[in-house]
Every structure is written in C-alpha cells, then in structure tokens.
Amino acid sequence: MGLDLIATRRQLHQIPELGFQEIKTQALILTTLDQFEGKEYMTIKRWRTGVLVKIHGKQPKRTIAYRTDIDGLPIQEKTGYAFQSKHEGQMHACGHDFHMTIALGVIENLLKHRPKDDVVIVFQPAEEGPGGALPLLHSDEFNAWRPDEIFALHVAPEYPTGTIATREGLLFANTSELFIDFKGKGGHAAYPHLANDMVVAASHFITQIQSIISRRLDPLNAGVVTIGKVTSGTKQNIIADSARVEGTLRALNPETMQVMKEAIQAHVAGIETAFSCRATIDFGSNYYQVHNHSEQTREFIQYCRDHDYDLVICKEAMTGEDFGYFLKEIPGFMFWLGVSSEAGLHDAHFQPDEAAIETAVKLVTAYISRGA
Ligand SMILES: CC(=O)N[C@@H](CCC[C@H](N)C(=O)O)C(=O)O
C-alpha cells in the first residue's frame, strides 16, 4: 500500500520541533523513506537534523533538486484539531508539515517511475531560524550532490486550494532578525528619579523606529519593521532595569536593508543618550531575498498553463525564506501553493486545506519527470 499523505501530514503536524532540534521529525522522515518500494534506487544522507535523498535517474545527464523545510514555530496551537501538536508551545503554523509530506509523496512517486535525470530532495532544518539553508548549501554532503537546478514551494493561506502563484524575479524579501537588550537601573515605582526605567526607554525606541519606514525609506522601495516580542520587568510596582526587544526587518533589496540597519543603530544610540542607558544590538540571522530565475520560472509557468493548473502571476511578498540562498547560487524558483486558510501563516489557528497536498505531489512529480 502506498503512502497515506493525510496520515503522514497529521503525524508530522503532531511533532513540530524548532530549528536544529528536529530529532523526531528526522526520525519520521527516515522511517517513512525506509518503507518505500524501490528504495534501492535512492541514497540517503543525514545533514545535522536534516535529510538529503538522491534518487538515481535512469540515464542521468543532470541533477534537479527540490527542497522542503522541516522546522516548526514557537506557537501554542489553537486549531482544536484532534491531531493537534503534542509539543507544548510548538506548532507547524507555517505549513512545513505540508511541505515535508509533499516531498515524501514525490519521492515515493519517483521511486515507482524513475526519472531520466538524478533528483535530490532536500529536507532542510531551521528555516524559521536561525537558518539552515546557508550552512547546508556550503556543506560537503550537499555539494557532493550539487544540483543544476533547484525549486521549492510554500503554502499560501490566501489563495484557493491548489492555486499556483509565482513570478519571475523577486518573490520574497530580504530579512534580518533584530534583538536589542537595554540595560538601565531598577528601583521603587514611587522614586522614578532614582532609577532609569527600561520599560519607558524600550517603549520610546519601539515608537521611534516606526518612522524609519515613513521618513527614511523611499516610499517606492518598501520595508517593514515589526517588533514581535518585548520582555521587561518583574512586578507592577518595580521599575525595570532591563528590557529586551525582538523583531524583524524586511526590505525589497539588500541596500534598503542596510539603510534600515543603520537607522536602527542611530535610534539605539539616541535612546542610550536620552535615557543614560546601555544597549546591545544583535541582527541575528539574515535571509537573502528569494529571486526567481527567469528561464526556470518561465518554463514552470508555461508548464502550469499547459497542464491547466490555476495559475496566478503574483506580487512579491515581505515574507522571508532562506531558500533565497540556494537561488543566489543555483538557478531555480519558488512558488506559492494555495491552501485556503482563513487564519494566516504564523497564526495559532492556521488550518490549511489538506486537499492541496495531492495537487502539489502530482505537480512536483510531473514537473521533475517532464521530458523523461
Ligand atoms: C515564509 C515565512 O513566514 N518565513 C519566515 C522566515 C523567518 C525569517 C527570520 N527568522 C526573521 O524573523 O526575520 C518569515 O517570518 O517571513
């Protein structure tokens, strides 16, 4: 009996793990691969918590790669699914359970009907952070099987199930994480003049940096500053001696990202002066933009049109993806797969439509096998 795609997705959904901690996920991928018929035609390698699979083509002239990410997010799930995450505070809220299931379905198909060329399927850890693509791309394991072309998909809640959306050129933005620690002097709530309040300092900083977008950037060259987490204080009547601000920066080109980082540094320096405090800035992991190569994207678009897929030529998005690092070095493309969820990506209620999995397995298998 073949792979049950829905059951596999639900199994994966129950065991989300954060970047470079995907131990159970890796084990489940390996166990699933081990059950496939035709496994003599594949070679499997582990890379950290990821997995690389090579399917040996019948008359290989080149290698085509397909990549899936495998990590989950630090979100407490609120879907109410019977197969809800078993890991407290962790959830597949960005569709990586879908992405992995699709990759497994594709491997099963390619082992049954071997393609002409070699195929490498990459199960990459840590897409949500700190970033698995760059170290994987420069690993010996990957480079021993370095492909001529690579592609990937990402689920899209806003499109109807099975819709394929992509574009030539820029698809996803440049990103940089942002972590700032403010250090001041704590004290009694009734004596603010004897303390140095980091709740107030951090609040000023968060409000001020909104003007980076409105006053520092060319309005035609968009950027985003989002602060997603603020931590400070111990009790309502104690002035906090420290505050930590965590966020992300987004920009449509690397130059704009640089402008934003310099502006952040200037604002932090201003806060240090104004509030007599100290601050450290960490830009965390940075993802290079996902820039689809024209020739490969056009061929894929034409294939979708010729085979009656619901195709949308979409706009670029401010999401980030470390798949951009692969595309910086290897020709290829990324596309969105519609999964019609009312709740969006990174939302505790995210409920993608499982019907999209089969559509994607068929498309990716057929696209890899075309011309065979
Ligand atoms: C598709 C998606 O949602 N990707 C994530 C990538 C994370 C980037 C990085 N860790 C950051 O937060 O800057 C996204 O948030 O866009």
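In what order do the eight strands of the open sheet stand? The order is 1-2-4-3-5-17-6-16, and the pairing is mixed, where two strands pair if DSSP finds at least two bridges between them. This is a predicted model, in which local features need pLDDT of at least 70 and side-chain atom pairs count only at pLDDT 80 or more, while totals for chains, interfaces and linings use all residues. Residues are numbered from 1 along each chain as its sequence is written.

**The chain as a whole**

- The protein chain holds eleven helices and 17 strands, which are DSSP runs numbered from the N terminus (H or I over at least four residues for helices, E over at least two for strands).
- With 372 residues, a compact globule would have a radius of gyration near 21 Å, and the 23 Å of the protein chain agrees with this; the radius is taken over C-alpha atoms, and the globule rule is 2.2 Å times the number of residues to the power 0.38.

- Strands of a sheet pair through backbone hydrogen bonds, either parallel or antiparallel.
- In the open sheet of eight strands, strand 1 (42-47) and strand 16 (311-313) stand at the edges with a single partner strand each, so one side of each is left without a neighbour in the sheet.
- Strand 1 pairs with strand 2 (residues 50-55) in the antiparallel sense over six bridges, and the bridge partner of arginine 46 is valine 51 in strand 2.
- Helix 2 (residues 23-34) packs on the sheet, where it touches strand 1, strand 2 and strand 4 (118-124), and its direction makes about 20° with that of strand 2; contact here requires C-beta atoms, placed from the backbone, to lie within 7 Å.

**Helix 3 and helix 11**

- Helix 3 (residues 96-112) and helix 11 (residues 355-369) pack at an angle of about 45° with their axes 9 Å apart, the axes being lines fitted to C-alpha atoms, for helices over the stretch in contact, and the angles running from 0 to 180 degrees between N-to-C directions.
- Helix 3 and helix 11 are therefore oblique to each other, since angles under 35 degrees count as roughly parallel, over 145 as roughly antiparallel, 65 to 115 as roughly perpendicular and the rest as oblique.
- Among the residues that meet are Phe98, Ile102 and Val106 in helix 3, and Ile357, Val361 and Val364 in helix 11.

**Helix 1 and helix 3**

- Helix 1 (residues 5-13) packs against helix 3 at an angle of about 140°, with their axes 9 Å apart, and that makes helix 1 oblique to helix 3.
- The contact includes Leu5 and Leu12 of helix 1 and Phe98 and Leu104 of helix 3.

How values were computed
Two residues are in contact if their C-beta atoms, placed from the backbone, lie within 7 Å.
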